[in-house]
Each structure stands twice: as C-alpha cells, then as structure tokens.
Amino acid sequence: MAPSQIARIFGVLGLVTLLIGTAFFWAGAHYILPFSMVEIAALLIAFIYNAIHANDYESLILSDNFVHIESKIGLQTKQVQMARYLTRVDTDSLKNELIELRQGQQSTYFGQFIHANLRPLLAQQISSRMQFPQTVHQAVMSV
C-alpha cells in the first residue's frame, strides 16, 4: 500500500475514534476521550514508522571489477564497494543468518529482505557469478 492510502485509512480510523470518544464524553464518560487521543497518537506513530520504512531496499551490483552493495533501511543509506575477485561469500553460515560478503577485514551483510530458506541458494548464486563473469570487457590503452 502507498503511504497516501495508509494515511487515508489511518485518518478515517482516527476520525471514528475521535467521534466515539467525543460521544462518550458528552454522555458523561469523561475518561473515554483521553484514551481515544492515546489511540490516535498510536495510529500516528504507526503511520510515521510505516512511512519511514516503506522504501527499504537492498541491491547488489556486480561490475567487471567491483561488487557494489547498497541498502536503505529507515533513514540510513549504506553503500559498500569491494573488489570483485577479492570478495568471498560466506556460504557456510546457518540457515537463518544473513549472507556475509568479506574482503579481508571488511565485511557486510546482505539478504535482509530475502526469506531465510532462500538465502543459501542466493549465496551460491552470488558466489558463482562473482567467480565467473558473464561478460568480460578488456580496456586497451596505448601511450
């Protein structure tokens, strides 16, 4: 769902909650309205959390010489670039762990948005494509 659709749904829920709280307030149950306000605040917090994480992603790009990993989780964007032929994929990890890509002391994790059962298969595919590129480009320079 798009954030605008969720905003409409939460807005309608907040309005209904406010109407119910106001009706009970005028009927003499004065404590219902503050709880309605707390519920509206909870809906607002849920909407903000959803809006922040609506566009989370991970991407892994293999070029001729580099592995470029980019991830956006919440408001934080992280980019890592490693040398392709020096980078190793940890395929021996447990089934529920993230895929670890290592180059010497530098390491990063990938696969947060992939189902845990599919991570070993993805790790094998990444490893095989890193070792055997599909296209080989050579640059020739003359001085």
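View 1. Helices (H or I, at least four residues) and strands (E, at least two) are DSSP runs, numbered from the N terminus. The model is predicted: local features need pLDDT of at least 70, side-chain atom pairs count only at pLDDT 80 or more, and totals for chains, interfaces and linings use all residues. Residues are numbered from 1 along each chain as its sequence is written, and side-chain values use heavy atoms, without hydrogens and water.

**View 2. H1 buries Ile6, Gly14, Thr17 and Gly21.** Buried means under 20% relative accessible area (1.4 Å probe, protein chains only). Their cover includes helix H2 (32-53). Just after H1, glycine 28 has a positive phi of about 110°.

**View 3. Strands S5 (residues 99-103) and S6 (residues 106-110) form a hairpin.** They pair in the antiparallel sense over five bridges; pairing requires at least two DSSP bridges. Two residues separate the strands, and glycine 104 in the turn has a positive phi of about 65°. Leucine 101 stands opposite threonine 108 in S6.

**View 4. The largest nonpolar core has ten residues.** Among them are Val67, Leu101, Phe110 and Met130. S2 (66-73), S5 and H3 (119-131) each give two or more residues. H3 gives the largest share, four. Such a core joins buried Ala, Val, Leu, Ile, Met, Phe, Trp, Tyr and Cys residues through side-chain atoms within 4.5 Å.

How values were computed
Buried < 20%, exposed > 50% of the residue type's maximum accessible area, 1.4 Å probe, protein only. Contact = heavy atoms within 4.5 Å.
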